[in-house]
Amino acid sequence: MMMGIHELRCTGCAREIAQEALGGNFRCADCGDLYEVTYPGWNGAGHKSGHTHPNPSALRWLWRERRMSAETSDRSGVWRFREMLPILSDERNIVSLGEGNTPLYDLPRTAQRLGMTGLRAKHQGMNPTGSFKDTGMTAALSVARERGFTWVACASTGNTSAAMAAYAARAGMRSLVLLPEGKTAWGKLAQAMDYGALVLQLKADFDGCVRVLAEVVERAPVYLLNSVNPYRIEGQKTPALEIAEQMEWEVPDHLIVPGGNMANSSALGKGFLEMKRLGLTARVPRISVIQAEGANPLVRAMRETGGERLEPVEAQTRASAIRIGNPASWRKAVGVIRETGGLVEQVSEAEIALAKAEIGAEGIGCEPASAVTLAGLKKLRQQGEVDAEESVVLLLTGHTLKDPDYTIQFHRGELLTDAESAGFHAEIGSLRRNTVELEANTDAVLRELERAGR
Ligand code: F0G
């Protein structure tokens with residue numbers, strides 16, 4: 001059995017409710033804002049007297065030991081930290097594909113180019129379905145199973161649908177996916193189909209799909225698995241624990257995250273802040289959010305209103321995962337940015353494509369939306385916002401195989417318009433690696449080898 005009782009607190013008006021009182025749209029009945037999960041036990045007498053319970057060293061030891069266990073839930077990079085997310089009544093409801101435990105890679109060549117000493121990438125694309133969504137999905141889908149639902153549903157730019165469809169299939173549940181027609185990368189669409197989801201492509205963008213689904217969940221007994229679901233956030237905060245563990249319970253100075261619907265930045269912020277509160281770590285990193293220029297409602301909200309109001313935009317970017325104009329979790333993200341001293345920045349289509357190729361050239365690779373992190377870091381370095389000695393972790397959210405069309409078009413020189421690539425020709429030229437078509441002839445191959453500089 002999992003220990004602990006959780007409650008839900010509205011992030012808008014601070015109203016607290018019991019878990020059973022949570023409505024199907026996960027919004028506060030009073031103010032319409034989103035809930036977050038809280039754990040009243042963490043404020044107990046033990047904590048106030050200076051001792052957290054259980055003790056941080058014991059937890060760190062236990063979490064590491066569990067990786068050696070034969071139990072799937074112990075080995076999972078989400079559930080081995082289950083003391084940090086006691087959201088289930090019964091562990092037997094856990095639906096896991098062995099998510100999390102993703103690598104924290106050094107990026108030595110990129111660091112050198114940027115004149116930095118410590119640059120790393122936490123690659124959440126190395127999850128079972130190839131994106132960071134798996135950590136949130138195992139948490140929220142396990143809750144859906146515990147509550148007895150047979151259908152789960154999401155609106156998605158692709159990765160959430162792939163994750164949801166896989167976890168639902170594992171649990172023997174049915175899944176309904178709403179996608180913006182013609183705007184989903186093939187890898188992701190193929191996954192949702194492969195895992196047996198009911199896939200509906202709507203003549204709408206992501207924000208339109210969200211609107212339709214909000215009405216569907218009012219009228220059909222389906223459990224909503226978009227990131228407005230606060231249990232998603234509980235799973236998605238665990239990479240923060242992993243990063244700390246991978247750094248021997250230090251934390252980086254700075255974590256840089258892509259911003260779409262803004263759940264990920266919120267979740268990682270929650271993870272780092274809770275770790276500090278429980279005495280697991282001494283401080284929190286700055287958490288900065290980077291958006292594509294054509295899908296930048298948060299950047300505008302911060303610059304124009306100091307984060308007080310957000311005007312939805314009509315989003316346009318080839319980084320289709322973050323083609324989102326009306327982000328659900330923006331207020332939570334603003335809270336995290338303010339509390340951690342983070343920054344927001346926007347990057348162009350050419351900057352994203354270049355950064356993606358640079359991450360590829362490190363032997364790592366990622367999908368376009370993930371590459372906004374490096375593109376943003378380059379800009380922040382130029383502006384003097386990031387020091388040479390600062391330890392920085394880029395959060396890579398999706399695997400490079402999610403969107404191979406984008407990669408191939410870049411290397412063929414077919415991705416960007418002339419206007420978009422203006423000013424970047426030299427850099428693009430040095431990173432492009434198009435294929436060469438040849439006769440099956442040894443001399444021809446040797447000539448190419450020679451040309452490429454053996
Ligand atoms: N990176 C990738 C690869 C994503 O798939 C997403 C979001 C994000 C970044 C942005 O994360 O929304 O938490 O700010 N994808 C969602 C989806 C919207 O439906 O798969 P966020």
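Let's start with burial: of the 454 residues in the protein chain, 57% count as buried. Buried means under 20% relative accessible area, exposed means over 50%, and partly exposed is in between, with a 1.4 Å probe and protein chains only.

A word on the source. This is a predicted model, where local features need pLDDT of at least 70, side-chain atom pairs count only at pLDDT 80 or more, and totals for chains, interfaces and linings use all residues. Residues are numbered from 1 along each chain as its sequence is written, and side-chain values use heavy atoms, with hydrogens and water left out.

Now the whole chain. It has 19 helices and 13 strands. Those are DSSP runs, numbered from the N terminus: helices are H or I with at least four residues, strands are E with at least two. The radius of gyration is 22 Å, close to the 22 Å from the globule rule for 454 residues, so the chain is as compact as a globular protein of that length. That radius is taken over C-alpha atoms, and the rule is 2.2 Å times the number of residues to the power 0.38. Along its principal axes, the C-alpha trace spans about 75 × 50 × 50 Å.

Next, a sheet. What is the strand order in the open sheet of six strands? The order is β4-β5-β13-β10-β11-β12, and the pairing is mixed. Two strands pair if DSSP finds at least two bridges between them. β4 (104-106) and β12 (344-347) stand at the edges with a single partner strand each, so one side of each has no neighbour in the sheet.

Look at one pair inside. β10 (residues 254-258) and β13 (residues 391-396) run parallel, over three bridges. L255 has V393 in β13 as its bridge partner.

Finally, one residue. Where is N226? N226 is in the loop between β9 (222-224) and α9 (230-236). Buried or exposed? N226 counts as buried, because its relative accessibility is 8%. Leaving aside residues up to four places away in sequence, N226 touches A153, C154, A155, F206, L213 and R232. Touching is contact, meaning heavy atoms within 4.5 Å. A polar atom of the N226 side chain also lies 2.7 Å from the backbone oxygen of A155.

That's the tour. Find N226 in the structure, then look for A155 beside it in the list of residues N226 touches.

Notes. Polar contact = N/O pair within 3.5 Å; in protein donor to acceptor, adjacent residues only side chain to side chain.
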